[in-house]
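Subject: Structure handover

Hello,

I am passing this structure on to you, and my notes follow below it. Please look through the model first and then read on.

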Amino acid sequence: MYGAPGGGPTVHDPMTLPADDNVNNYTFCVELKGSQWFLQKGKMVAYYGSIEFNGIGHGRLDRLVRTSFHSPLHASDWVVAEGSGKMLLADRAFDVNSYDLDDGNLTIRSGNLLAFQPTLALKQSIVPGFLTLIGTGKFVAASNGPVVFMEPPIRVDPQALVGWADCPSPCHHYDHGYMTGVMGGLRALTGLGGASGEEHQFEFVGAGTVLLQSSETLMAEQAAGAVPQQAGVPGGGGGFTGPSQQAGTPRLPGQLGDLQRRFGL
Amino acid sequence: MFRLQGSKVLAVDMTGDAVKAKNGSMVAYDGQMAFKKMSGGGEGLRGMVTRRLTGEQMTVMEVKGQGTCWFADRASEINLVSLQGEKLYVESSNLLATDGGLRTGTTFTGLRGATQGNGLFTTTVEGHGQAAITSDGPAVVLRVSQQYPLIVDPGAYVAHQGNLRQSFQSGVTFRTLMGEGGGEAFQIRFEGDGLVYVQPSERNTIAGDV
């Protein structure tokens with residue numbers, strides 16, 4: 001007799017496992033019937049049936065990669081699962097969820113994306129560290145805590161942002177009144193006098209949906225691949241260094257202004 | 001009598017009987033309880049020597065008394081397993097508590113252990129009664145039957161029970177060596193009849209990223 005009210009643990013077999021749905025909050029089951037799925041390396045925990053995992057560099061997959069995979073330097077982190085059977089995906093006991101795109105687009109933090117159907121095309125976003133999925137199909141994403149959906153206009157904490165769909169206006173927002181001047185600089189640097197840690201947000205306006213995780217712990221960033229070294233490409237280096245970056249280090253997305261500016265000099 | 005209180009705390013109601021639990025995993029109790037550390041997992045001198053030799057070490061305490069005792073381990077999820085004479089194979093680090101009447105021991109696992117980074121040996125629990133195992137995230141219990149063998153990632157494997165044969169399968173090809181591997185180079189294949197407990201998270205394994 002199991003003591004927990006409601007009986008013992010559920011035992012799953014290939015018949016009772018759901019097809020393309022969650023087994024529990026942390027495990028997702030994908031059904032393959034001779035079809036293919038892209039998945040991040042090492043996220044498969046178990047499978048029934050015969051499924052083959054091949055790196056994207058596999059010659060036979062060239063055509064597939066050409067149509068639905070557009071971040072060439074990111075390719076070594078992804079594999080294609082092919083065959084028939086049921087496969088369980090999970091990621092470090094984070095919440096996983098599937099989302100359906102219907103001729104839509106969704107941009108997601110690179111570390112959060114676990115798997116997607118090849119009917120979707122994966123592209124690097126112009127925003128560094130994000131990936132964009134375009135088309136129709138299902139994808140699976142992990143998040144730290146359940147995901148909540150928000151309608152713009154909205155300002156969100158950078159650490160809580162998972163991704164956004166259909167709204168093309170992600171931009172930074174700073175509470176300047178609070179941050180500038182000598183006192184603002186002191187507050188930000190020392191925390192004295194009440195730096196709330198919320199002086200910087202991402203702002204979204206327009207029609208669409210913003211996905212937030214219910215935690216400010218980021219998932220480990222997955223390398224999204226370098227972008228071409230070209231003028232005008234964000235993060236691409238060439239022609240991008242302004243006068244404020246004499247040090248040569250590119251400004252990180254969440255970094256605030258330079259020190260002297262914080263002190264109002 | 002084992003029962004779960006939430007998913008991360010195990011409550012054991014005792015009436016003079018004993019349970020074996022991971023050392024230091026008691027979080028609360030009411031009634032009268034005595035805690036006694038058992039050297040060598042309570043398996044006697046022979047067990048002690050085996051555990052030392054195999055590196056499958058386990059510090060266990062015996063809890064005996066009247067009342068309710070609560071156990072937890074680093075907020076990991078707890079799964080209850082009831083055994084009717086069959087054998088449960090579990091990593092010693094994932095074993096939280098067993099009924100006093102269950103026998104524990106060690107067994108050779110072969111290559112699977114090596115890929116998991118857990119050593120070549122694993123802990124067995126045998127007899128009639130209940131055991132509690134921990135996992136990182138709630139474990140999914142998967143049935144293996146003759147027509148449905150199961151393949152598991154070594155890093156996500158927690159435990160198995162029943163009459164199962166396990167074999168080690170490797171997908172290492174020349175592409176793996178070129179850094180273009182499928183990401184699932186090492187797998188354990190279970191065949192036979194039984195249950196396998198899989199956690200939604202992967203331990204760092206030696207072959208983790210191949």
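Buried area here is the accessible area, taken with a 1.4 Å probe, that two parts lose on being put together, summed over both. Please keep in mind that this is a predicted model.

The interface between the chains

By that definition, chain A and chain B bury about 3000 Å² between them. Of this area, 60% lies on carbon and sulfur atoms. The strands that each give two or more residues to the side of chain A that touches chain B are E1 (11-12), E2 (21-24), E4 (44-55) and E6 (78-89) of chain A. The most comes from E4(A), which gives nine residues to that side. Sorted by type, the residues on the side of chain A that touches chain B are 20 nonpolar, 12 polar and five charged.

In terms of contacts, 37 residues of chain A meet 39 residues of chain B. How many salt bridges are there between chain A and chain B? The count is zero. Polar contacts do occur between chain A and chain B: seven residue pairs, with both residues at pLDDT 80 or more.

Strand pairing across the chains

E4(A) also pairs with a strand of the other chain. Three bridges join E4(A) to strand E10 of chain B, residues 150-152, and the two strands run antiparallel. Within this pairing, Ile151(B) in E10(B) is the residue opposite Tyr47(A).

Strand pairing within chain B

E10(B) has a partner in chain B as well. It is joined to E12(B) by three bridges, again antiparallel, and here Val152(B) stands opposite Ile188(B) of E12(B).

E12(B) itself covers residues 186-198 and is joined by five bridges to strand E9 of chain B, residues 140-144, in an antiparallel arrangement. In that pairing Val140(B) faces Val198(B) of E12(B) as its opposite residue. Another partner of E12(B) is strand E11 of chain B, residues 157-170, with 13 bridges between the two antiparallel strands. Which residue of E12(B) stands opposite Gln161(B)? That residue is Leu195(B).

The two domains of chain A

Chain A is divided into domain 1, residues 12-143, and domain 2, made up of residues 144-189 and 199-218. Between them, domain 1 and domain 2 of chain A bury about 1200 Å², with 57% of it on carbon and sulfur atoms. Three residues, Tyr99(A), Arg109(A) and Ser143(A), supply 39% of the area that domain 1 of chain A buries against domain 2 of chain A, more than any other three residues.

The contact involves 12 residues of domain 1 of chain A and 16 residues of domain 2 of chain A. Between these two domains of chain A the count of salt bridges is zero. The polar contacts across the interface of domain 1 and domain 2 of chain A come to seven residue pairs, both residues being at pLDDT 80 or more.

On the side of domain 1 of chain A that touches domain 2 of chain A, strands E7 (95-109) and E10 (130-143) of chain A each supply at least two residues. E7(A) gives the most to that side, with seven residues. By type, the residues on the side of domain 1 of chain A that touches domain 2 of chain A are six nonpolar, four polar and two charged.

Regards

Conventions
Residues numbered from 1 in each chain as written. Chains lettered and ligands numbered in written order. Predicted model: local features only at pLDDT ≥ 70, side-chain atom pairs only at ≥ 80, totals over all residues. Heavy atoms only, no water. Contact = heavy atoms within 4.5 Å. Salt bridge = Lys/Arg side-chain N within 4 Å of Asp/Glu carboxyl O. Polar contact = N/O pair within 3.5 Å; in protein donor to acceptor, adjacent residues only side chain to side chain. Helix = DSSP H or I, 4+ residues; strand = E, 2+ residues; numbered from the N terminus. Nonpolar A, V, L, I, M, F, W, Y, C, P; charged D, E, K, R; others polar. Pairing = 2+ DSSP bridges. Domains from an automatic or database assignment.
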